[in-house]
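Please work through the exercises below with the sequence and the structure at hand. Each task is followed by a solution in steps.

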Amino acid sequence: MSTYQNSASPCCEAVARPSFRTGFLSLATSVLHGLRRRIERRQQRRTFMTMTALDDRILDDIGLTRRDIESAAGLPMEINASLAVRQIAADRRAAERRMRRR
């Protein structure tokens with residue numbers, strides 16, 4: 001063996017193996033990030049649910065029905081209900097237009 005290989009081996013092994021501390025910090029960061037995302041989703045859903053207190057006339061003015069809101073509120077937390085209600089309302093309006101054309 002050459003002298004270069006003997007001197008390079010320990011250095012390369014130390015770099016190749018992550019330490020326990022690095023792995024633990026990475027795991028802890030992932031867990032905290034996940035918790036933070038979940039808290040934000042819960043706050044967004046709580047804010048979205050304030051729409052259930054709106055009068056039907058106001059909902060009609062913004063192009064929604066109470067049923068649209070209830071449908072979006074029943075979706076899993078991973079889905080943004082505010083974005084989903086737009087799609088639900090658009091689908092409902094498209095279905096209503098198709099029914100009028102018949």
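This is a predicted model: local features need pLDDT of at least 70, side-chain atom pairs count only at pLDDT 80 or more; totals for chains, interfaces and linings use all residues.

**Exercise 1.** Determine how α2 and α4 are oriented relative to each other, and identify the residues in contact.

*Solution.* Step 1: locate the helices; α2 covers residues 20-49, and α4 covers residues 66-73. Step 2: consider the axes, which come within 11 Å and cross at roughly 165°. Step 3: classify the angle; angles over 145 degrees count as roughly antiparallel, and therefore α2 is roughly antiparallel to α4. Step 4: list the contacts; R45, F48 and M49 of α2 meet I69, A72 and A73 of α4. Step 5: assign the handedness; the crossing of α2 and α4 is left-handed.

**Exercise 2.** Carry out the corresponding analysis for α4 and α5.

*Solution.* Step 1: α5 spans residues 81-101. Step 2: the axes of α4 and α5 come within 9 Å, with a crossing angle of roughly 135°. Step 3: this angle makes α4 oblique to α5. Step 4: α4 contributes D68, I69, S71 and A72 to the contact, while α5 contributes A81, V85, I88, A89 and R92. Step 5: the crossing of these two helices is right-handed.

**Exercise 3.** Identify the side chain that pairs with D56, and state which helices the pair links.

*Solution.* Step 1: side chains of opposite charge can pair when their charged atoms come close. Step 2: D56 forms a salt bridge with R66, at 2.9 Å from N to O. Step 3: D56 belongs to α3 (residues 56-61) and R66 to α4, so the pair, 10 residues apart, links distant parts of the chain. Step 4: in total, the structure contains 4 salt bridges.

**Exercise 4.** Name the members of the nonpolar surface patch that includes L35.

*Solution.* Step 1: L35 lies in α2. Step 2: the patch consists of L27, V31, L32 and L35. Step 3: together, these residues have about 380 Å² of accessible area.

Key:
Residues are numbered from 1 along each chain as its sequence is written. Side-chain values use heavy atoms; hydrogens and water are left out. Patches are made of residues with over 30% relative accessible area and no salt bridge: like charges are joined within 9 Å, nonpolar side chains (Val, Leu, Ile, Met, Phe, Trp, Tyr) within 5 Å. Accessible areas come from the Shrake-Rupley method with a 1.4 Å probe; for residues, only the protein chains shown count as cover. Helices (H or I, at least four residues) and strands (E, at least two) are DSSP runs, numbered from the N terminus. Axes are lines fitted to C-alpha atoms, for helices over the stretch in contact, and angles run from 0 to 180 degrees between N-to-C directions. Angles under 35 degrees count as roughly parallel, over 145 as roughly antiparallel, 65 to 115 as roughly perpendicular and the rest as oblique. A crossing is left-handed if the near helix is turned anticlockwise from the far one by less than a right angle, and right-handed if clockwise. Contact means heavy atoms within 4.5 Å.
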